[in-house]
Amino acid sequence: DASVSFAEMSARQQALGAAILKDPAVESLSSFIGVDGGNTTLNSGRMYINLKPHAERSTPLPAVMQRLATATARSRYRPKSFFIMSPARLISSTPVD
């Protein structure tokens, strides 16, 4: 929905980020909304999810990705997709609807 305001997108990113940070394999995340090199509109966003080092988590990466997908699917503001950036970083692309 192209009518989503910057403020509403911010609230959506915060709600989604809170859900992601509950996962025991997640160490931190960075969230970006609005126009930048990766986002072309104000109502789009990205999250970089930093996982704990492999030695500090017992769950393999594919299982962590599935768990995050399942957890965020229950969210009203679920991500469109997850991409592996490196062994310890995931990127989530947030929808606008």
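User: How many helices and strands does the chain have?

Analyst: The secondary structure of the chain comes to two helices and four strands. Helices (H or I, at least four residues) and strands (E, at least two) are DSSP runs, numbered from the N terminus. Along the sequence the pattern reads α-β-β-α-β-β. This is a predicted model, where local features need pLDDT of at least 70 and side-chain atom pairs count only at pLDDT 80 or more, while totals for chains, interfaces and linings use all residues. Residues are numbered from 1 along each chain as its sequence is written, and side-chain values use heavy atoms, with hydrogens and water left out.

User: What share of the residues count as buried?

Analyst: Buried means under 20% relative accessible area, exposed over 50%, and partly exposed in between (1.4 Å probe, protein chains only). Of the 97 residues, 37% count as buried.

User: Which residues form the largest nonpolar core?

Analyst: In soluble globular proteins, nonpolar side chains tend to be buried together. A nonpolar core is a set of buried Ala, Val, Leu, Ile, Met, Phe, Trp, Tyr and Cys residues joined through side-chain atoms within 4.5 Å. Here the largest has eleven residues: L16, I20, A25, V26, M47, I49, L51, L61, V64, M65 and L68. The largest share, four residues, is supplied by α2.

User: Is A19 buried or partly exposed, and why?

Analyst: A19 lies in helix α1. A19 counts as partly exposed because its relative accessibility is 24%. Its C-alpha atom is 9.6 Å from that of R74, 55 residues apart along the chain.
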